Amino acid sequence: IEMQSLVEKDRKNVWHHISPYSAENPPMIVEEGKGSWITDHNGNRYLDGMSGLWCVNVGYGREELAQAAYDQIKKMAYTPMTQSHLPAIQLAEKLNEMLDDNYMIFYSNSGSDANEVAFKVARQYHQQNGDANRIKILSRYRAYHGSSMGALSATGQALRKYKYEPLSSGFLHVAPPDNYRKPDNISVEEYNLQRAREIGETIIWEQKETIAAVIMEPLITGGGILIPHPVYVQEVERICKRHGVLLIIDEVICGFGRTGKTFGHQHFNIKPDMITMAKGLTSAYLPLSVTAIRKDIYETFKSKEENSHFRHVNTFGGNPAACAVALKNIEIMEKENLVDRSAELGERLLNELDELKIHPYIGDIRGIGLVVGIEIVEDKHTKEPGSKERVGKLIADCKDRGLIIGKNGDTVSGYNNILTLSPPLSSKDEDIEFIISILKQVFNDNM
Ligand code: PMP
């Protein structure tokens with residue numbers, strides 16, 4: 001089909017996520033992918049420096065994953081999770097091996113779903129424990145936890161919320177640590193402790209008997225790559241324990257090797273009460289998500305009384321083909337040692353990009369594993385966020401040279417100025433060299 005006619009049909013019929021159709025910048029129509037590269041309908045190749053939306057961890061075009069889906073669909077395409085099946089059982093067991101613990105695994109389809117499940121479990125758990133007032137969920141500004149009403153209510157990015165009120169009630173936010181923008185007269189460690197203690201104070205001022213759970217990512221990804229000092233996460237865990245508040249860790253982006261460990265929270269040596277996963281779980285070949293729930297929380301749902309059952313049916317959740325793909329995806333990650341590869345490539349990117357820090361518009365470069373952020377500013381001293389035009393031009397220039405990078409932050413607050421890089425964990429050395437060389441060219445041209 002002619003490109004022009006495809007674009008026309010797309011414009012007429014498809015409502016894209018986020019941006020409307022734009023004649024100057026029509027959406028890319030992607031045809032195929034191999035490794036870290038995608039090809040559009042015109043045959044142009046791009047290195048996908050964002051792994052789609054941070055999810056194609058093992059890269060595109062994996063025959064083994066296609067085969068796993070095909071074999072399972074041919075044998076048995078669907079079993080609802082009111083029953084069970086072999087891939088769901090094997091995957092749950094495998095995830096517990098990776099978590100080095102024993103959680104109960106609840107399946108659904110998306111990261112948003114997985115977080116909704118966690119919020120509902122938290123509220124019902126407290127209710128069944130005689131703490132019916134514990135309904136509030138605390139999260140952070142700048143965090144993204146999904147698009148459905150509950151997950152959106154936990155999201156702390158203004159743009160994603162303000163058009164959709166009233167949102168779910170009982171959601172509170174506090175500021176996350178932003179080490180690049182911390183006050184000068186305080187150490188990173190002390191600043192992070194302060195930010196953690198604000199969570200403790202909020203819990204107390206709101207009355208601790210009303211707080212059900214805290215949800216956070218190991219680091220804020222979509223809100224601009226805000227990597228906490230370990231004392232922050234550890235202190236939040238301590239505060240939650242002290243006040244009987246459940247700690248939900250959102251591993252939707254950080255899981256499955258993205259940060260250089262199997263799960264992001266493993267950098268901090270904590271034991272979350274619930275863990276949500278999606279994206280890299282199947283490398284996005286099929287939709288699947290998981291809420292891992294501490295065993296003793298699950299126990300309170302086991303009574304014979306129907307009232308104590310968890311009212312959450314999800315027709316597609318735990319789809320056998322998706323579970324089979326997840327198992328094969330994890331097998332690939334292990335065989336190719338992709339968690340270590342993520343740590344190694346992330347370090348190489350940071351080392352190589354370090355020289356760009358002298359650039360007048362780069363305020364900060366930070367990363368952990370294959371999650372790298374470049375914070376664009378108008379002025380290094382005032383740290384005024386880079387303008388939309390400046391950030392947009394850098395992204396367009398990368399794309400013109402065959403490199404897709406991301407932009408993250410929060411549009412309304414003006415902090416939508418963090419360029420992001422999260423290529424597949426399976427990227428080859430030459431892919432990483434390509435990313436580095438394009439970024440150096442683009443920043444040189446935009447001095
Ligand atoms: N949590 C985080 C941290 C995410 O980044 C996302 C998606 N970008 C979600 C949850 C929601 O996932 P989904 O889009 O699959 O609903």
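The buried residues of helix α12 pack against α11 (320-335), β11 (362-367), β12 (372-376), β15 (415-421) and α14 (429-445), where contact requires C-beta atoms, placed from the backbone, to lie within 7 Å. Helices (H or I, at least four residues) and strands (E, at least two) are DSSP runs numbered from the N terminus. The model is predicted: local features need pLDDT of at least 70 and side-chain atom pairs count only at pLDDT 80 or more, whereas totals for chains, interfaces and linings use all residues. Residues are numbered from 1 along each chain as its sequence is written. The buried set of α12 comprises Leu 338, Val 339, Ser 342, Leu 345, Gly 346, Leu 349 and Leu 353; a residue is buried if 20 or more other C-beta atoms lie within 10 Å of its own, exposed if 12 or fewer, and partly exposed in between. These residues lie on the same side of α12 because they cover an arc of only 125° around the axis, the arc being that of the directions from the helix axis to the C-beta atoms.

An open sheet of 4 strands is ordered β11-β12-β15-β14 with antiparallel pairing, two strands being paired if DSSP finds at least two bridges between them. Its edge strands, β11 and β14 (406-410), each pair on one side only. Neighbouring strands of this sheet are turned by 30° against each other on average, direction ignored. Helix α12 packs on the sheet through β11, β12 and β15, and its direction makes about 160° with that of β11. Helix α13 (residues 388-400) also packs on the sheet, touching β12, β14 and β15, with its direction at about 20° to that of β15. Axes are lines fitted to C-alpha atoms, for helices over the stretch in contact, and angles between N-to-C directions run from 0 to 180 degrees.

Within the sheet, 4 bridges connect β12 and β15 in the antiparallel sense, and Gly 373 has Thr 420 of β15 as its bridge partner. Strands β14 and β15 are likewise antiparallel over 4 bridges, with Asn 408 partnered by Ile 418 in β15. These two strands form a hairpin with 4 residues between them, and Gly 414 in the turn has a positive phi of about 90°.

In α13, the buried residues are Val 391, Leu 394 and Cys 398. They fall within an arc of 60° seen down the axis, so they line one face of the helix. Glu 389, Ala 396 and Asp 400 are exposed on the other side of α13. The buried residues of α13 are covered by elements including β12, β13, β14, β15 and α14. Just after α13, Gly 402 takes a positive phi of about 90°.

A further open sheet of 4 strands has the order β1-β2-β3-β13 and mixed pairing. Here β1 (30-34) and β13 (403-404) are the edge strands. Strand β3 (residues 45-48) runs parallel to β13, joined by 2 bridges, and Leu 47 stands opposite Leu 403 in β13.

The protein averages a pLDDT of 96, and 100% of the residues score at least 70; pLDDT is the predictor's confidence in each residue, from 0 to 100. Confidence is lowest in helix α7 (residues 158-161), at a mean of 74, and highest in strand β8 (residues 246-250), at 99.

Definitions and conventions: Two residues are in contact if their C-beta atoms, placed from the backbone, lie within 7 Å.
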